[in-house]
Amino acid sequence: MADDTWQTDDPNLELGLERVMELEIDVESPIEIGQTGDGQRRIIPILGGTVSGRVEGTVLEAGADYQLYRERRPTELVAKYAFETTDGERVYVENRGMRLADPETSQRLRDGLPVEPDDVYFASVPEFETAAPDLEWLTESVFVAAGTRQPNGVRLAVYRVR
């Protein structure tokens with residue numbers, strides 16, 4: 001039986017999540033680098049997309065998702081891109097995460113084929129940079145995101161940790 005005495009009732013040790021935005025990101029076909037010793041490296045150029053929620057805007061055609069597929073470990077994802085709000089403010093995003101699925105589903109993902117979202121663990125930690133005073137709150141919190149792979153891109157729901 002597990003010992004629960006290590007848990008406290010301290011409310012300062014509780015986390016909450018506030019959903020702040022959703023991103024639909026369109027991508028280009030992968031640029032295959034090949035087997036690098038660490039895994040199968042590929043770069044996925046970002047073509048654009050939309051941002052909705054507490055922040056509204058457009059994902060810019062700039063940046064890419066740098067992926068490292070490994071057979072016995074989760075796929076490493078590092079996406080670097082930017083978006084522009086409807087007010088013309090720009091935000092740089094660096095989003096690090098992982099994707100995990102069984103070998104058959106992983107192969108379908110690599111081949112660009114549809115997969116069931118429930119068959120894939122896809123989570124990340126986006127960080128934001130901006131010069132816009134109204135968006136400074138993006139630089140003052142930790143954020144986490146849940147993702148699903150779409151036919152030509154990804155969909156992310158971004159949460160602020162409270």
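## Strand, helix and the second largest pocket

Strand S6 and helix H1 (103–110) each supply at least two residues of the lining of the second largest pocket, where helices (H or I, at least four residues) and strands (E, at least two) are DSSP runs numbered from the N terminus. A pocket is, on a 1 Å grid over the protein atoms alone, an open set of points where a 1.4 Å probe fits, with protein on both sides within 12 Å along at least five of seven lines, and its lining residues have an atom within 4 Å of a point. This is a predicted model, in which local features need pLDDT of at least 70 and side-chain atom pairs count only at pLDDT 80 or more, while totals for chains, interfaces and linings use all residues. Residues are numbered from 1 along each chain as its sequence is written, and side-chain values use heavy atoms, with hydrogens and water left out.

The second largest pocket has a volume of about 320 Å³, a volume being the space filled by probe spheres set on grid points that are joined across faces, edges and corners. Helix H1 gives the most to this lining, with four residues. Of the 19 lining residues, Tyr-69, Arg-70, Glu-71, Arg-72 and Arg-110 lie nearest the centre of the second largest pocket. By class, the lining has six nonpolar, five polar and eight charged residues; here Ala, Val, Leu, Ile, Met, Phe, Trp, Tyr, Cys and Pro count as nonpolar, Asp, Glu, Lys and Arg as charged, and the others, Gly among them, as polar.

## The largest pocket

The largest pocket has a volume of about 430 Å³ and is lined by 31 residues, of which Val-27, Ile-44, Gln-67, Arg-149 and Val-154 lie nearest its centre. Strand S6 (residues 90–100) provides the largest share of this lining, four residues. The lining of the largest pocket divides by class into 14 nonpolar, nine polar and eight charged residues.

The structure holds one cavity of 30 Å³ or more, a cavity being a set of grid points where the 1.4 Å probe fits but cannot get out. The largest cavity has a volume of about 30 Å³, and its lining consists of Val-115, Pro-117, Val-120, Thr-148 and Arg-149. Three of these lining residues are nonpolar, one is polar and one is charged.

## Leu-100 in strand S6

Leu-100 lies in strand S6 and is partly exposed, with a relative accessible area of 41%, since partly exposed covers what lies between buried (under 20%) and exposed (over 50%), with a 1.4 Å probe and protein chains only.
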